[in-house]
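Please read the briefing below alongside the sequence and the model.

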Amino acid sequence: MTIDNPAGLTDILRRLETVAAESTLRQAAVAGARVVHGEILRRAPLGKKAHKRSGKLYPPGTLRKAILIAYDQDESLEGVRAVYLVGIARDAFYWQFKERGTSRQAKEPFFRPGYDASKNAAAAAMLAIIDRKVAAAIRGI
């Protein structure tokens, strides 16, 4: 095999190194997290009235507002792995009662089914970001 333009090949390989950069990993990871986040939000139950606990009023929609995306610095490894978590803030402590049920309340699962329903779409969203970055690197953008 012969290479007619070794400088051109070297240039393309150097540009492809940028695809594995931290910013690309983070963009891909957060794209996947957004897909999962959106599906969990869509499935989260919405109360019909506010409830009170320890003197604090929780209006309808508190659970949905508490569903968030967070970067996990401990699990991420710069240039190798970017980890984003979809979770629920402590204000909506009762999400577990909705998800798993109690002796007095039937379960209304939304978190796990939301993840299960969206994991393939999340993977596709992450691959789309990487594919776009590879194409841009090859074009020299």
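F93 counts as partly exposed, because its relative accessibility is 25% (buried means under 20% relative accessible area, exposed over 50%, and partly exposed in between, with a 1.4 Å probe and protein chains only). The model is predicted, so local features need pLDDT of at least 70 and side-chain atom pairs count only at pLDDT 80 or more, while totals for chains, interfaces and linings use all residues. Residues are numbered from 1 along each chain as its sequence is written, and side-chain values use heavy atoms, with hydrogens and water left out.

**Aromatic pairs**

- The structure holds 7 aromatic pairs (rings of Phe, Tyr and Trp, the last by its six-membered ring, pair if their centres lie within 6.5 Å; planes under 30 degrees apart count as stacked, over 60 as edge-to-face and the rest as tilted).
- One of these pairs is Y58 with Y94, which is edge-to-face because the planes stand at 75°, with the ring centres 6.4 Å apart.
- This pair links distant parts of the chain, with Y58 in strand β2 (residues 56–58) and Y94 in the loop between β4 (84–88) and α4 (95–100), 36 residues apart.
- Both tyrosines, Y58 and Y94, are buried; for Y94 the relative accessible area is 11%.
- F93 and Y94 also form an edge-to-face pair, at 5.4 Å centre to centre and 90° between the planes.
- Ring pairs join Y58, F93, Y94 and F97 into a cluster.

**Charges over rings**

- R53 lies over the face of F93, 4.3 Å from the ring centre (a charge sits over a ring if NZ of Lys or CZ of Arg is within 6 Å of the ring centre and within 35 degrees of the ring normal).
- The charged end of R26 sits over the ring of Y71, at 3.7 Å from its centre.

**E39 in helix α2**

- E39 lies in helix α2, which spans residues 22–43 (helices are DSSP runs of H or I of at least four residues, strands are runs of E of at least two, and both are numbered from the N terminus).
- E39 is buried, with a relative accessible area of 16%.
- The side chains of E39 and R43 are joined by a polar contact of 2.6 Å (a pair of N or O atoms within 3.5 Å; within protein, one must be able to donate a hydrogen and the other to accept it, and residues adjacent in sequence count only if both atoms are side-chain atoms).
- Leaving aside residues up to four places away in sequence, E39 touches G114, A117 and S118 (contact means heavy atoms within 4.5 Å).

**S54**

- S54 is found in the loop between β1 and β2.
- Phi of S54 is near 50°, a positive value in a residue other than glycine.
- Most residues other than glycine have a negative phi.
- S54 counts as exposed, at 75% relative accessibility.

**Overall fold**

- The secondary structure comes to 5 helices and 4 strands, in the order α-α-β-β-α-β-β-α-α along the sequence.
- Of the 141 residues, 28% count as buried.
- Among contacts between residues at least 6 apart in sequence, 58% join residues at least 24 apart.
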